[in-house]
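Please read them with the structure open.

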Amino acid sequence: MPQITAKEAFDYIMLKCHPYSNFNYLVDVFFFGREANFHGGCGDYRTAHEKVFSLMFPDLQSQVPFGTGKGGYKKYRAKRYIADFYDPDRKIIYEIDGTNHKREIEQLKDKIRDYFFYHELGIRTIRLTNKDIENLLMKRLPQLEEKGVLADAIGPASESQRSA
């Protein structure tokens, strides 16, 4: 198998994980019998960065619902929250925040949500931006490249598939 660079692998992975790619659309229709009409947030539809994060940390639980309990809607304006990723052993939630989380109203909602998780359930929240996910991926890929296993790590894609 020809060797590829970390940058080529990064581009390939981001392309394959993009929620609007033909690959993801076909997987959704074929395996789940539905069309992908929502990306990110909850359910099986994920942003590219959420998909990349799940590839890097496959042991974390994903899309985990947490009910706010009796009186929770009045107190938190939500009956439940869905965590992007959860590590129950360490009691840490990982939230992947896209560009919409830069808005002041979204940041306020995130603070209320983080408050709920910490003060009601004792769970810490770590928020990662899309750029943080890209940086994590770029740190890992050169390590695989140095070991000479980068092409194996992203699967048996042909050169033409990686450049598509």
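1. Start with strand S3. Ile-92, Tyr-94 and Ile-96 point one way from S3, while Ile-93, Glu-95 and Asp-97 point the other way. Residues on both sides are buried. The count for S3 is six buried residues of six, so the strand is mostly covered, with buried meaning under 20% relative accessible area. Keep in mind that this is a predicted model.

2. Where does S3 sit in the sheet order? The open sheet has four strands and runs S1-S2-S3-S4, with mixed pairing. Strand S1 (61-67) and strand S4 (124-129) are at the edges; each has a single partner strand, so one side of each lacks a neighbour in the sheet. From one strand to the next, the twist averages 45°.

3. Now the S2 side. Strand S2 (residues 80-87) pairs with strand S3 (residues 92-97) in the antiparallel sense, over three bridges. Tyr-86 has Ile-93 in S3 as its bridge partner. S2 and S3 make a hairpin, with four residues between them. Look at Lys-91 in the turn: its phi is positive, about 55°.

4. Then the S4 side. Here the pairing with S3 is parallel and runs over six bridges. Asp-97 stands opposite Thr-129 in S4. In general, strands of a sheet pair through backbone hydrogen bonds, either parallel or antiparallel.

5. Which side chain makes a polar contact with that of Glu-95? Arg-113 does, at 2.9 Å. Arg-113 lies in helix H5. Arg-113 has a relative accessible area of 13%, under the 20% cut-off, and so is buried. Its side chain also reaches the backbone oxygen of Ile-82, at 2.4 Å. Glu-95 is itself one of the buried residues of S3.

6. Helix H5 (residues 104-121) also holds Ile-105. Is Ile-105 buried or partly exposed? Ile-105 is partly exposed, with a relative accessible area of 45%. Together with Leu-108 and Ile-112, Ile-105 makes a nonpolar surface patch of about 250 Å². As a reminder, an α-helix has 3.6 residues a turn, so residues three or four places apart point the same way.

7. Last, helix H3 (residues 48-56). H3 is mostly covered, with seven of its nine residues buried. The buried residues are Ala-48, His-49, Glu-50, Lys-51, Val-52, Phe-53 and Met-56.

Conventions:
Residues numbered from 1 in each chain as written. Predicted model: local features only at pLDDT ≥ 70, side-chain atom pairs only at ≥ 80, totals over all residues. Heavy atoms only, no water. Pairing = 2+ DSSP bridges. Helix = DSSP H or I, 4+ residues; strand = E, 2+ residues; numbered from the N terminus. Axes fitted to C-alpha atoms, helices over the stretch in contact; angles between N-to-C directions. Patch = residues over 30% accessible without salt bridge, like charges linked within 9 Å, V, L, I, M, F, W, Y side chains within 5 Å. Areas by Shrake-Rupley, 256 points an atom, 1.4 Å probe, with all protein chains shown as cover. Salt bridge = Lys/Arg side-chain N within 4 Å of Asp/Glu carboxyl O. Buried < 20%, exposed > 50% of the residue type's maximum accessible area, 1.4 Å probe, protein only. Polar contact = N/O pair within 3.5 Å; in protein donor to acceptor, adjacent residues only side chain to side chain.
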